[in-house]
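I opened the model today and kept notes as I went. The entries follow in the order of my look-ups.

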Amino acid sequence: MMAVTAGADFCYAIEVFKPMADAAVKIVEKNGFGDKIKIINKHSTEVTIGPDGDMPCRANILITELFDTELIGEGALPSYEHAHRHLVQENCEAVPHRATVYAQLVESRRMWSWTKLFPVRVQTSHGEQVIVPPLELERCPGAPSVYDIQLNQVSRTDFTALSDVMPMFSVDFSKQVSSSAACHSRHFEPLASGRAQVVLSWWDIEMDPEGKIKCSMAPFWAHSDPEELQWRDHWMQCVYFLPQEERVVQGSSLCLIAHHDDYCVWYSLQRTSPEKNGRVSPARPVCDCQAHLLWNRPRFGEINDQDRTDQYVQALRTVLKPDSVCLCISDGSLLSLLAHHLGAEQVFTVESSAASHRLMKKIFKANHLEDKINIIEKRPESLTSADLEGKKVSLLLGEPFFATSLLPWHNLYFWYVRTAVDQHLGPGAVVLPQVASLHAVVVEFRDLWRIRSPCGDCEGFDVHIMDDMIKRALDFRESKEAEPHPLWEYPCRRLSEPQQILTFDFRHPVPLHPLRAEGSIELRRPGRSHGAVLWMEYHLTPDSTVSTGLLKPAEDKEDCCWNPHCKQAVYFFTTPDCRAPRGSPRAVSYTVEFHPHTGDVTMDFTLSDTVEDGC
């Protein structure tokens, strides 16, 4: 529609996803472009050219948006390659015209903790014990996928720049594009001496051949005009981890190399360029230690959080006895090692997956504990007395963490496990954590509300048909569900006090009947009520609580401080633009129910006591 408005004679719009193609047909008609635009519901590689084809002839302008945060991750290169060979004329123009990928080498303990296991220190009555990572894990190049985040939410104090921002490679979309693997090197002199660990990367696009119209993904410290920084969630910034940490010295020239295949980018660091040393380009990194298959990046950060470890150690000290028989049930947890070092008589750990079983064996071996901690490779529900060597469990442990959990309450699987192993618990057995609670707070997001905001009239075009399609899809189910988001990346302000909604007592088996809570949350601060954020808190002992959500109270004008290792659940309100005047009473009523037979948590939040002139 933009192209026709700008003067195009005719446009062919290729859309492979049928619901969106159907909506596009209606939108084109509604806006009066039915005689100028033809929607082709195919993948672009299936489009035919000719008198009886989808298009009668090749096009002379190619307009696309095939990009992701990594630029090429949605198949832009093979799609462009095919289009130039089969769909467009040889000297066509492309919009956008060119893309350039930038990179910056940094040292960052915080970001490095997202891919490597650091030594874990345990203070015991016999002195400090150190849990060391296996050598195989230290040498592992890590997960093959990029880590895309809102880099603008990472503090400048969390990393040290070792290089300037460097253009690594460009793609000219108006010429023949190749999807073949390639590498691009840039010489540089380090800005400072340090440990090269992480490459931060982003791209910009020049919409026109002269490069006068630009769109940049640069974070604030590298942006040409930080005041005009555009918030985006569809395109963010990339964090790449070098295969190994390398020492760099200021003034000693190095070569940063960007490698890519048809879908992925990765980086390596060399003393000289690949052309000079004749080295074969490193293959795309693939995890061979199991840890990156089991633990995602936030989970690495959680395990490396020494303060969190100390909290579990303190709680364990209050419940462990010299004759304790411990059973640990969490995916790839170090709790079993903590229990052993703190003096438990015997420790068992259940690892249901082959990946977690192999990983824990390596960790135990590296710490000379393979004969001290018993690994049971089976589902907890299948445990037998023989697996526990005929002993009764006196301490059942869980973080709880399970790799398949997406929403905070999915880790309530631990409660079901506790119920399943009830027969193996001895008299007076202790369960840690003892209790979990579900909490909620109403917030105003700085930007995240945009992902649920209708488009309405966009660039002068009426796209309400798409809004209606999305609303129908949400109303079918998702409008009554929360969705996971790592809120440390998405600033928000709380409009209410945090409120405890439901309690789950792990000291007793899962109840037969649903747990239901109804009530209201008073809004004490003026602002736009975009949604409710929910999270779990685990009460390890009466004096020790671990929160997966809010970490500390925030002042009225401050952004909330969220646990950076966990995803919180966001329930978006359907009327997010309602603004309550200062001092006007207003509340959010809620109904939340836990269904024991399915493990689901259902909810409904409704804005109530609305002031009429406040909307």
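Which order do the strands of the open sheet of 3 strands have, and is the pairing parallel or antiparallel? I read the order as S28-S34-S35, with antiparallel pairing. Strand S28 (515-522) and strand S35 (600-608) stand at the edges with a single partner strand each, so one side of each has no neighbour in the sheet. From one strand to the next the twist averages 15 degrees.

Before going on I noted the ground rules. The model is predicted, so local features need pLDDT of at least 70 and side-chain atom pairs count only at pLDDT 80 or more, while totals for chains, interfaces and linings use all residues. Residues are numbered from 1 along each chain as its sequence is written, and side-chain values use heavy atoms, with hydrogens and water left out.

**Sheet, continued.** I looked at strand S34 (residues 587-595) next. S34 and S35 pair in the antiparallel sense over 9 bridges. Val-592 has Met-603 in S35 as its bridge partner. Two strands count as paired if DSSP finds at least two bridges between them. Helices (H or I, at least four residues) and strands (E, at least two) are DSSP runs, numbered from the N terminus.

**Helix H13.** I checked the length of helix H13 (residues 464-476). Its 13 residues should span 18 Å at 1.5 Å a residue, and the end C-alpha atoms are 18 Å apart, which agrees. The expected span is 1.5 Å times one less than the number of residues. I then listed the buried residues of H13: Met-466, Asp-467, Met-469 and Leu-474. Seen down the axis, the buried residues of H13 fall within an arc of 160 degrees, so they line one face of the helix. That arc is taken from the directions from the helix axis to the C-beta atoms. The buried residues of H13 pack against helix H2 (18-30). On the other side of H13, Lys-471, Arg-472 and Phe-476 are exposed. Buried means under 20% relative accessible area, exposed over 50%, and partly exposed in between (1.4 Å probe, protein chains only).

**Thr-115.** Thr-115 is in the loop between helix H4 (109-112) and strand S6 (120-124). Thr-115 is buried, because its relative accessible area is 2%. Neighbours within four places in sequence aside, Thr-115 is in contact with Gly-142, Phe-241, His-292 and Phe-300. Contact means heavy atoms within 4.5 Å.

**Cysteines.** How many disulfides does a search of the whole structure find? I got 0. The cut-off for a disulfide is a pair of cysteine sulfur atoms within 2.5 Å. The closest cysteine sulfur to that of Cys-183 is in Cys-255, 8.8 Å away and too far for a bond. Cys-183 is partly exposed, at 28% relative accessible area. Cys-328 is in no disulfide either, and its nearest cysteine sulfur, that of Cys-326, is 8.9 Å away. Cys-328 counts as buried, at 0% relative accessibility.

**Backbone.** Most residues other than glycine have a negative phi, and most peptide bonds are trans. I looked for departures. A cis peptide bond joins Glu-399 and Pro-400, with omega about -10 degrees. Another cis peptide bond joins Leu-432 and Pro-433, with omega about 10 degrees. Leu-71 has a positive phi, near 80 degrees. Leu-71 is in the loop between strand S3 (59-63) and helix H3 (76-86), and counts as buried at 1% relative accessibility. Glu-459 has a positive phi near 55 degrees, and counts as exposed at 61% relative accessibility.

Definitions and conventions. Axes fitted to C-alpha atoms, helices over the stretch in contact; angles between N-to-C directions.
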